[in-house]
Amino acid sequence: MSVSGNIATSLLRLLHPGKGSFRDVEKSRKRAAKENERGRFIMPRDKRALYELVSETEYPCLILRSRRWEMVSEEKGVLFLCGDAISGWKMQLGIAIDDANRTGLPAWYPIYPSITEVNITKSIDVLYGVYRKMTERYASEKIAVVGLSFGGTFAMELVNWNNRSPEPVGMPGLIVAHFPGGTPDTEED
């Protein structure tokens, strides 16, 4: 397990001592590895969207285009960051397809490594590589980044990663980061 995965596990054990699924760390790691293995990428063969495979690394990226109508614009794009990395990419694929259908824009859908397998910086690096590739096709202000769950956290981290890059690219025109864990409880929060 990665260093960040070990830190997260340790924190959860501190928060829930003696109870819950974090009591047996090895069992939790094996379950996560099994889930990640089940979620390995396979090229979709359904007819819900037009799929193009773009891959610079061992982690693929799909470009989804609507089958319902002509693309509104090939000058704009959506970067859709699912929340479950390898293990849940299939479940959120339908949401990305819906985004492509509703907006009429190509939706880029990267499959990034899970932080239970690699250090979190590797996951962010993979996603930033996809974003950089998008800026070769579209002006950065014509890119919308949409992140669900942990993907919302990664959406915000892309901005940080770009700011720290020795060769930054432009910032995206829109970020929609939906991370339920970061939703304030009260109006004051």
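**Exercise 1. Accessibility and a salt bridge**

Solution. The model under study is predicted.
- Step 1. A residue counts as exposed over 50% relative accessible area.

**Exercise 2. Salt bridges within and between elements**

Task: State how many salt bridges the model contains. Then determine where the partners of the Asp99 pair and of the Arg65 pair lie, and how accessible they are.

Solution. 
- Step 1. The count is four salt bridges.
- Step 2. Asp99 forms a salt bridge with Arg102, with an N to O distance of 2.7 Å. Helix 3 holds both residues, three residues apart, which is about one turn of the helix.
- Step 3. The two partners fall into separate classes: Asp99 is buried at 14% relative accessible area, whereas Arg102 is exposed at 61%.
- Step 4. Arg65 and Glu52 are joined by a salt bridge of 2.9 Å, N to O. This pair links distant parts of the chain, since Arg65 belongs to strand 2 and Glu52 to strand 1, 13 residues apart.
- Step 5. Arg65 has a relative accessible area of 14% and is therefore buried; Glu52, at 28%, is partly exposed.
- Step 6. Arg137 joins Glu52 and Arg65 in a network of salt bridges.
- Step 7. As a general principle, side chains of opposite charge can pair when their charged atoms come close.

**Exercise 3. The largest nonpolar core**

Task: Identify which residues of the largest nonpolar core touch the most other members, and which element gives the most to this core.

Solution. 
- Step 1. The core has 41 residues, and those touching the most other members are Leu64, Leu79, Leu81, Leu93, Trp108, Tyr109 and Leu158.
- Step 2. Several elements each supply at least two residues of this core, among them strand 1, strand 2, helix 3 and helix 5. Helix 4 gives the most, with seven residues.
- Step 3. In soluble globular proteins, nonpolar side chains tend to be buried together.

**Exercise 4. Helix 4**

Task: Check the length of helix 4, then describe what caps its N-terminal end and what covers its buried residues.

Solution. 
- Step 1. Helix 4 has 18 residues, so at 1.5 Å a residue it should span 26 Å; its end C-alpha atoms are 27 Å apart, which agrees.
- Step 2. The cap at the N-terminal end of helix 4 is Asn119, with a side-chain oxygen 3.0 Å from the backbone nitrogen of Thr121.
- Step 3. The buried residues of helix 4 include Ile124, Val126, Leu127 and Met134. Their cover includes strand 2, strand 3, strand 4, strand 5 and helix 5.
- Step 4. Val126 is buried because its relative accessible area is 8%. Residues up to four places away in sequence aside, Val126 touches Tyr59, Tyr112 and Pro113.

Notes
Residues numbered from 1 in each chain as written. Predicted model: local features only at pLDDT ≥ 70, side-chain atom pairs only at ≥ 80, totals over all residues. Heavy atoms only, no water. Core = buried A, V, L, I, M, F, W, Y, C linked by side-chain atoms within 4.5 Å. Buried < 20%, exposed > 50% of the residue type's maximum accessible area, 1.4 Å probe, protein only. Helix = DSSP H or I, 4+ residues; strand = E, 2+ residues; numbered from the N terminus. Salt bridge = Lys/Arg side-chain N within 4 Å of Asp/Glu carboxyl O. Contact = heavy atoms within 4.5 Å. Expected span 1.5 Å × (residues − 1). Polar contact = N/O pair within 3.5 Å; in protein donor to acceptor, adjacent residues only side chain to side chain.
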